[in-house]
Amino acid sequence: MQTSRVARLAGSLGVTALALFVAGPVLIQLGVVEPFTGFRIFLLGGLLGLLALATGVLGLFFTRAAAYREGRSRALVGTVLGALVTAAILMGARGGAGVPAINDITTNPEDPPAFAVDPWKQGRDMRYPAGFAQVQRAGYPDIVPIAVALPPAAALDRVASLFAANGWVVTQKDPISNTLTGTDTSRLFKFVDDIVVRVRPQDGGSVVDVRSKSRVGKGDMGVNAARIRKLTAQLHNAS
């Protein structure tokens, strides 16, 4: 019997998809490629996984008993590996479903904390994009300035201690302007987000404004908003 070409293709696609899906994060962790390059390899694995799933199903059809063609095991490999990779991609993307496609979030869109320079040193325009304000208010109405019952100096110290507790890196702390900048790096893909915090006196206490900005990508899967929400909850519990 003739071996089904579709079944052969499905098996090859499935193996390649799994290899790329795993290789992307591994190469990032080893420092072989830049995070965004590794992420693209990872996504390519996901795309090939979807193709493997589709061709695998076709391969199973073409290698059914009535078709008199060999290669059913290869079609099965493509189907199973393609399904695994596709399911993993969908599960990872589930957390970002329905969030705005923006990557710069702040507690104060009207007067956001400013980055003095580009911490990445890539010449980026670090101004808060004007078009983001309306989108953010609609998508994250709960993200607002954080009022705490601490004087500004104590509030800034508390923010710095929370950065350390969360594993975020403080890159600069200015007690004169009561501002702090730092970074947070994701574990798997090592994406770096820049954070700036500004503390001002208000009603005998302080108001803390936070801004969290991704270095790459147009969207952030809700990560920056989640970071600000976490810091907000921690500051409220401490005050």
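Author: A nonpolar core is a set of buried Ala, Val, Leu, Ile, Met, Phe, Trp, Tyr and Cys residues joined through side-chain atoms within 4.5 Å; buried means under 20% relative accessible area, exposed over 50% and partly exposed in between, with a 1.4 Å probe and protein chains only. The model is predicted, so local features need pLDDT of at least 70 and side-chain atom pairs count only at pLDDT 80 or more, while totals for chains, interfaces and linings use all residues. Residues are numbered from 1 along each chain as its sequence is written, and side-chain values use heavy atoms, with hydrogens and water left out.

The largest nonpolar core has 26 residues, and the members that touch the most others are Phe163, Val197, Val208, Val210 and Leu235. At least two residues of this core come from each of α4 (132-139), β4 (146-148), α5 (152-166), β7 (192-202), β8 (205-214) and α6 (223-238). Helices (H or I, at least four residues) and strands (E, at least two) are DSSP runs, numbered from the N terminus. The biggest contributor is α5, which gives six residues.

Take Val197 as an example. Leaving aside neighbours within four places in sequence, Val197 is in contact (heavy atoms within 4.5 Å) with Val159, Phe163, Asn178, Thr179, Leu180, Val208, Asp209 and Val210. Among these, Phe163, Val208 and Val210 are also on the list of core members with the most partners.

Phe21 belongs to helix α1, where it is one of the buried residues, along with Leu13, Ala17 and Ile28 among others. The cover over the buried residues of α1 includes α2 (35-62) and α3 (72-93).

Now the strands, starting with β6 (residues 179-185). Because five of its seven residues are buried, β6 is largely enclosed by the rest of the structure. Two strands pair if DSSP finds at least two bridges between them. On one side of the sequence, β6 pairs with β5 (residues 169-174) in the antiparallel sense, over five bridges. Within that pairing, Leu180 of β6 has Lys173 opposite. Four residues lie between the strands in this hairpin, where Asn178 takes a positive phi near 55°.

The pairing of β6 with β7 is also antiparallel and uses seven bridges. Two of the bridges involve threonines: Thr183 is partnered by Asp194 of β7, and Thr185 by Val192 of β7. The hairpin of β6 and β7 has six residues between its strands, and Lys190 has a positive phi near 55° there.

From β7 the chain goes on to β8, and these two strands are antiparallel with ten bridges. Pro201 faces Ser206 of β8 across this pairing. The hairpin of β7 and β8 has two residues between the strands, and Asp203 takes a positive phi near 50°.
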